[in-house]
Amino acid sequence: MAAVLLIESVMKFAIALFSAAHAPSSRRALLFAQAALAGGHEIVRLFFYQDGVHNASDAVVTPQDELDLPKQWRTFISEQNLDGVVCIAAALRRGVLNAEEAGRYQRDAVAVSAPWELSGLGQLHDAVQDADRLICFGGA
């Protein structure tokens with residue numbers, strides 16, 4: 001009987017989140033990302049697009065009896081030293097600004113800070129090129 005050699009391969013994931021922090025898909029995305037890392041896989045980039053940009057907002061106030069997903073995302077990205085990118089065009093449309101963009105557009109509200117980075121959709125394209133799989137959560 002021949003021996004079977006099992007080779008476990010590490011997958012590289014790019015993860016895109018399209019839904020707001022209060023949507024169930026935001027929690028599912030976070031759980032998937034945590035499980036991927038726990039399973040020894042790699043996350044090339046987390047990309048927050050459309051209403052997903054609200055997950056990066058410091059301005060979201062979560063009711064006491066609900067999970068504070070923006071806080072959980074921030075902690076997860078910081079602790080795991082991940083690349084958390086917020087689509088700048090989607091963020092601007094929704095008023096989710098970092099200090100640089102708030103200054104550029106003369107707005108008082110700053111809602112995005114480290115570990116988040118505002119950048120273009122090209123960052124998602126680059127992540128897809130580097131990843132084995134693109135996993136999307138939320139959206140149409």
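**Close-up views of a predicted model**

Glu 42 is partly exposed, with a relative accessible area of 39%. Here buried means under 20% relative accessible area, exposed means over 50%, and partly exposed lies in between (1.4 Å probe, protein chains only). The model is predicted: local features need pLDDT of at least 70, side-chain atom pairs count only at pLDDT 80 or more, and totals for chains, interfaces and linings use all residues. Residues are numbered from 1 along each chain as its sequence is written, and side-chain values use heavy atoms, with hydrogens and water left out.

**View 1. A negative surface patch includes Glu 42.**
Glu 42 belongs to strand E2, residues 42-48. Helices (H or I, at least four residues) and strands (E, at least two) are DSSP runs, numbered from the N terminus. Asp 126, Asp 130 and Asp 132 form the patch together with Glu 42. Patch residues have over 30% relative accessible area and no salt bridge; like charges are joined within 9 Å, and nonpolar side chains (Val, Leu, Ile, Met, Phe, Trp, Tyr) within 5 Å. Accessible areas come from the Shrake-Rupley method with a 1.4 Å probe; for residues, only the protein chains shown count as cover. Asp and Glu count as negative, Lys and Arg as positive; His and the chain ends are not counted. A charge is placed at NZ of Lys, CZ of Arg, CG of Asp or CD of Glu.

**View 2. Arg 74 and Asp 58 meet in a salt bridge.**
The N to O distance between these side chains is 2.1 Å. The pair links distant parts of the chain: Arg 74 sits in helix H2, Asp 58 in the loop between E2 and H2, 16 residues apart. A salt bridge is a side-chain nitrogen of Lys or Arg within 4 Å of a carboxyl oxygen of Asp or Glu. The structure holds five of them. Side chains of opposite charge can pair when their charged atoms come close. Helix H2 spans residues 69-80. Arg 74 is buried, with a relative accessible area of 18%. Asp 58 is partly exposed, at 39%.

**View 3. The surroundings of Arg 74 include Trp 116.**
Leaving aside neighbours within four places in sequence, Arg 74 is in contact with Ala 56, Ser 57, Asp 58, Ser 113, Ala 114, Pro 115 and Trp 116. Contact means heavy atoms within 4.5 Å. The peptide bond from Ala 114 to Pro 115 is cis, with omega near 15°. Pro 115 lies in the loop between H4 and strand E4 (116-119).

**View 4. Arg 104 pairs with Glu 101 in helix H4.**
Their side chains meet in a salt bridge at 3.0 Å, N to O. Arg 104 and Glu 101 are three residues apart, about one turn of the helix. Salt bridges that share partners join Glu 100, Glu 101 and Arg 104 into one network. In the bridge between Glu 100 and Arg 104, the closest N and O atoms are 3.3 Å apart. These two residues are four residues apart in helix H4 (residues 99-104), about one turn. Glu 101 is buried, with a relative accessible area of 4%. Glu 100 is exposed, at 54%.

**View 5. Asn 81 has a positive phi.**
Its phi is near 55°. Asn 81 lies in the loop between H2 and strand E3 (84-87) and is exposed, with a relative accessible area of 71%. Most residues other than glycine have a negative phi, and most peptide bonds are trans.

**View 6. Gln 106 has a positive phi.**
Phi of Gln 106 is near 55°. Gln 106 is found in the loop between H4 and E4. Its relative accessible area is 73%, so Gln 106 is exposed.
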